[in-house]
Amino acid sequence: MVVRTFLGLDVGTQSVKGRAIDEEGNLLAEATTEYPLYIPQPGWTEQEPLEMWEAVKETIRKVVNALWQRQPPAEVTAVCATGQMHTMILLDEQKRPLGRALLWNDGRAAKDAEEGAALLKSKLSERFLIDILCNDFLANWTGAHLFYVRNRAEEFAKGIRTFETERWAQAWERSVTFLTPRDFVVLQLTGEVAMDMCGGSETSLMDIPNKRWALDAFKVLGIDKLQPPPLYEPGSVIGTVTKQAAEETGLKAGIPVIAGAGDCLAGALAGGVLKVGQVLFTLGTSGVVVAPIGEKPLVDEQLRTQVHYSTVPNILINMGCVNGAGIGLRMFRDVLGDVYKVAAQKLGVDPYELLTERAKQVPPASHGILFSPYITGDRIVKAPKGRGAWYGLTAFLMETESGGDACLLRAILEGVGFAVRDGWEIIRGLMPHTSFEPIRMVGGGARSLFWCQLTADIFGHPVCTTTAEDASYGMALLAGVGAGAFSLWEAAERIKIVRVFEPNPVNAAFYERFYREVYHGHYDRSQRELDSAIERVLSSPEYAEVLKALQG
């Protein structure tokens, strides 16, 4: 007897993950394969689509081999993919990729995005972005990158000769359509050009209320030579694995390939977050808070958060995304943390464990140090080319009793929490009468009990960990849904809460004041204002209570 399993794939920013589950939701096999990320200059991030596919093939082969070595053996009977959202891949008439993919955190199209937004508002409607796209025309989204490529091609035609204009002019001339990474994987598996409904909503090119492409936007932007891919509901069958793909991956030819969703929405399914009142906080490379909002768009008038279709047909979510979250801690590890990497290797532990443990050694607010986590730009503060910073550094850090680098580390964790709270506050403002459950925290950051408690304190709201796995597990569940093994709701109900972190009243009261007076809006404030705000909160009764509590 061969056990029936379902495979979920996650084409991430740095690696491809694959997980196979059985009909009970049990994880039977998993694998990860890294592939290159290219950063030609600050603010640019690129990847090679064919290198993505090679990593996908290797990941699938690892999972398939692991399944066949089990007793009894198991085989994959349906596949579903997720991956980095918004990333743009151009295709030619033969469905081959043209040039590199421009990633979700690539901000090179900042000026083009401003131009595109202005065009859409002047030619179509001042409220076109709010009422039709339900999203800003963001610099790092698919639509702006397509507009960027078209503009570089126009510049080349006018005689402007640079590496950038030449390569994109060549790509634009041959381009016929576009995909995101997960759609590219579906194409390689099935031969079908397709996009899931969530993918459409993450391009800034979809008429979200009417669930169709905004073709008038394509025309206004001058990108109407492209034929947008057909849209599929999540959980529906796009096609089947071809004979060639089967030979390259070890999958069985003819098994169904299921329409998925973006990684944040896949993570929401993996976390059991499908209903209004539930919230997911994914803490990985980026920090994302996701809340289902129902069938009608709830749009922030300033377009600081995003609206997408979810894994539940017709149900929308509102999402606040901070581009730079876990990557801030990684930056410290790779740039300043050699001593931690060496110690971790000797102790046989993850260096992140040592970093977060060290962060615990100093009090809240890190002796007045603020970390601005916008090291890869940001959406909420509308700074696609934004930069990060530690602010409030003093010579006191050289004294042993200050904790030194522990202050820098804790400030990173706090800064990420405050930045994501900005998104959480916007979403709560759109849903003032909604009673929210404890926020379900997933991703690499959720493995740190300290970071979970810190999040509860900063948000002033309970946070919980669950039995949820990552986005690839969510897509394994959706593969099972598409194959008819269980319903979407049955899949979500498999996720159980493991531990609830209630806000520490003393810390939460202090963080509330620090957030309101120091962090919130800091990106647009002057140094003098920040210095004064920091001095006020460190002289406040709330901070006195924090120090008193620490002293026992």
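## Gln-84 and its surroundings

The side chain of Gln-84 makes a polar contact with the side chain of Thr-87 at 2.6 Å, and another with the side chain of Gln-47 at 3.0 Å. A polar contact is a pair of N or O atoms within 3.5 Å; within protein, one must be able to donate a hydrogen and the other to accept it, and residues adjacent in sequence count only if both atoms are side-chain atoms. This is a predicted model, in which local features need pLDDT of at least 70 and side-chain atom pairs count only at pLDDT 80 or more, while totals for chains, interfaces and linings use all residues. Residues are numbered from 1 along each chain as its sequence is written, and side-chain values use heavy atoms, with hydrogens and water left out.

Gln-84 is located in the loop between β5 (74-83) and β6 (89-91). Helices (H or I, at least four residues) and strands (E, at least two) are DSSP runs, numbered from the N terminus. With a relative accessible area of 1%, Gln-84 is buried; buried means under 20% relative accessible area, exposed over 50%, and partly exposed in between (1.4 Å probe, protein chains only). Leaving aside neighbours within four places in sequence, the residues in contact with Gln-84 include Val-11, Tyr-35, Met-52, Trp-104, Pro-181 and Asp-263, where contact means heavy atoms within 4.5 Å.

Strand β1 (residues 3-11) runs antiparallel to β2 and is joined to it by six bridges. Two strands pair if DSSP finds at least two bridges between them.

On β2, antiparallel pairing with strand β3 (residues 27-34) extends over seven bridges, and Ser-15 has Glu-34 of β3 as its bridge partner. The hairpin formed by β2 and β3 has five residues between the strands, and Gly-25 in the turn has a positive phi of about 85°. Six of the seven residues of β2 (residues 15-21) are buried, so this strand is largely enclosed by the rest of the structure.

## Cysteines

Zero disulfides are found in a search of the whole structure, a disulfide being a pair of cysteine sulfur atoms within 2.5 Å. For Cys-80, the closest cysteine sulfur is that of Cys-198, 11 Å away and too far for a bond. For Cys-264, the closest is that of Cys-321, at 6.0 Å, also too far for a bond. Cys-80 is buried at 0% relative accessibility, and Cys-264 is buried at 8%.

## Salt bridges

The structure holds 41 salt bridges, each a side-chain nitrogen of Lys or Arg within 4 Å of a carboxyl oxygen of Asp or Glu. One of them joins the side chains of Asp-470 and Lys-17 (3.7 Å, N to O). This pair links distant parts of the chain, 453 residues apart: Asp-470 is in the loop between β22 and α16 (471-482), and Lys-17 is in strand β2. Lys-17 is partly exposed, at 33% relative accessibility.

Other salt bridges lie within a helix. In helix α14 (residues 405-430), Arg-410 and Glu-414 are four residues apart and so separated by about one helical turn; their closest N and O atoms are 3.0 Å apart. Arg-410 is buried at 6% relative accessible area, and Glu-414 is buried at 2% relative accessibility. In helix α1 (residues 49-68), Lys-57 and Glu-54 are three residues apart and form a salt bridge of 3.0 Å, N to O. Here Lys-57 is buried at 9% relative accessibility, whereas Glu-54 is partly exposed at 43%.
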